[in-house]
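User: I would like to go through the terms used for this model and see what each one rests on.

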Amino acid sequence: MVEGLVIALVAVLCAGALYAASAARVIRQYERGVVLRLGRLRDDVRRPGLTMVVPGVDRLRKVNMQIVTMPVPAQDGITRDNVTVRVDAVIYFKVVDPSSAVIAVEDYRFAVSQMAQTSLRSIIGKSDLDDLLSNREKLNEGLEVMIDSPAVSWGVQIDRVEIKDVSLPETMKRSMARQAEADRERRARVINADAELQASKKLAQAAGEMSEQPAALQLRLLQTIVAVAAEKNSTLVLPFPVELLRFLERAQQQPAVEGAGAGRTGRQPSVNGATGQPPSSPGSESPLPEDEAPLPETRTAEKPAAPTPPAVPSSAEQPFAHH
């Protein structure tokens with residue numbers, strides 16, 4: 001009798017252990033448990049730790065509450081300014097309502113991925129190329145709003161969306177490189193012109209100061225010679241003073257003016273064809289030395305002209321012939 005009781009007790013204990021083993025569930029700290037009893041959702045969400053369910057009656061679904069990092073495949077699209085680009089992104093989201101993530105959508109990961117791809121293509125078509133390259137923060141915010149609106153009903157919260165890479169065609173890259181190079185060259189020319197303007201103003205002020213003190217130009221010339229000699233070159237460059245050039249130019253202009261005046265009052269041709277001397281004053285000396293007296297005028301003998309043949313009357317002037 002006692003042996004039968006012991007055997008029954010052991011059987012009950014074994015059955016209880018088997019029931020407890022099949023009914024016990026362990027939920028991790030980053031998970032939540034959703035229980036479906038006979039297909040109906042239980043209101044209570046199981047917390048982390050050891051929990052019990054009814055074997056064969058309850059079905060436990062574990063939902064990960066961690067932030068999920070999901071890459072969005074690269075999408076080809078045409079921007080608003082008709083440029084073909086290829087854009088990929090990355091999305092960060094997490095589940096905030098385990099019951100809605102299990103009941104409202106079949107697979108919330110796949111749903112979020114498809115919504116992200118669709119929203120990314122829509123953002124590409126509404127944006128310009130400059131916005132995709134330089135104004136990504138605004139596009140990220142717009143993309144996050146577009147994905148977060150339907151994801152709220154799925155119990156999913158979009159943490160952030162980032163556009164990762166924008167691929168451009170090679171022709172567009174070359175065009176942008178030429179545009180950037182031209183812009184940099186324009187800015188360099190503007191800076192150079194501004195520097196020339198400022199330098200010209202300073203040089204004009206320096207020229208005004210040197211014009212008041214002529215010795216300053218000589219000192220500047222000596223400083224230039226010292227600067228050239230400090231390079232230890234075999235050739236010495238000596239600047240030529242501008243004042244000396246002006247002096248030589250004035251000296252060449254004076255004889256030219258005197259020669260032009262003498263030409264206006266010079267010799268006059270005589271009647272016989274010889275050049276005559278200008279009338280001299282009583283007190284003036286002869287322009288020719290004494291041993292060089294003017295040669296007497298010589299005349300060449302004229303040759304007698306050849307006899308002119310008699311003129312032959314023309315056919316119109318001849319009388320008519322008598323036959």
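The questions below take up the terms one at a time.

Analyst: This is a predicted model, in which local features need pLDDT of at least 70 and side-chain atom pairs count only at pLDDT 80 or more, while totals for chains, interfaces and linings use all residues. Residues are numbered from 1 along each chain as its sequence is written, and side-chain values use heavy atoms, with hydrogens and water left out.

User: Why is Glu-31 called buried?

Analyst: Buried means under 20% relative accessible area, exposed means over 50%, and partly exposed lies in between (1.4 Å probe, protein chains only). Glu-31 has 10%, so it is buried. Arg-28, at 45%, therefore counts as partly exposed. Of the 323 residues in the chain, 19% are buried.

User: How do you know that Glu-31 and Arg-28 form a salt bridge?

Analyst: A salt bridge needs a side-chain nitrogen of Lys or Arg within 4 Å of a carboxyl oxygen of Asp or Glu. The closest N and O atoms of Glu-31 and Arg-28 are 3.6 Å apart, and the pair qualifies. Side chains of opposite charge can pair when their charged atoms come close. The structure holds 10 salt bridges. One of them joins Arg-160 and Glu-162 at 2.5 Å; Arg-160 is partly exposed at 42%, and Glu-162 is partly exposed at 26%.

User: What separates Lys-173 and Glu-170 along helix 6?

Analyst: Lys-173 and Glu-170 are 3 residues apart in helix 6 (residues 170–212), so about one helical turn separates them. Their side chains meet in a salt bridge, N to O 3.9 Å.

User: Which residues make the nonpolar surface patch of about 260 Å², and what makes it a patch?

Analyst: The residues are Val-2, Val-6 and Val-10. Patch residues have over 30% relative accessible area and no salt bridge; like charges are joined within 9 Å, and nonpolar side chains (Val, Leu, Ile, Met, Phe, Trp, Tyr) within 5 Å. Val-6, which lies in helix 1 (residues 2–23), has 45% relative accessibility and counts as partly exposed.

User: What makes a set of residues a nonpolar core, and how many residues has the largest one?

Analyst: A nonpolar core is a set of buried Ala, Val, Leu, Ile, Met, Phe, Trp, Tyr and Cys residues joined through side-chain atoms within 4.5 Å. The largest has 35 residues, and Tyr-108 is among those with the most contacts inside it. Helix 3 gives the largest share of this core, 7 residues. With contact meaning heavy atoms within 4.5 Å, Tyr-108 touches residues including Val-63, Phe-93 and Val-156, leaving aside neighbours within four places in sequence. The cover over the buried residues of helix 3 includes strand 7, helix 5 and strand 8.

User: How do you know that the span of helix 3 agrees with its number of residues?

Analyst: The expected span is 1.5 Å times one less than the number of residues. For the 19 residues of helix 3 that gives 27 Å, and the end C-alpha atoms are 27 Å apart, so the two agree.

How values were computed: Helix = DSSP H or I, 4+ residues; strand = E, 2+ residues; numbered from the N terminus. Areas by Shrake-Rupley, 256 points an atom, 1.4 Å probe, with all protein chains shown as cover.
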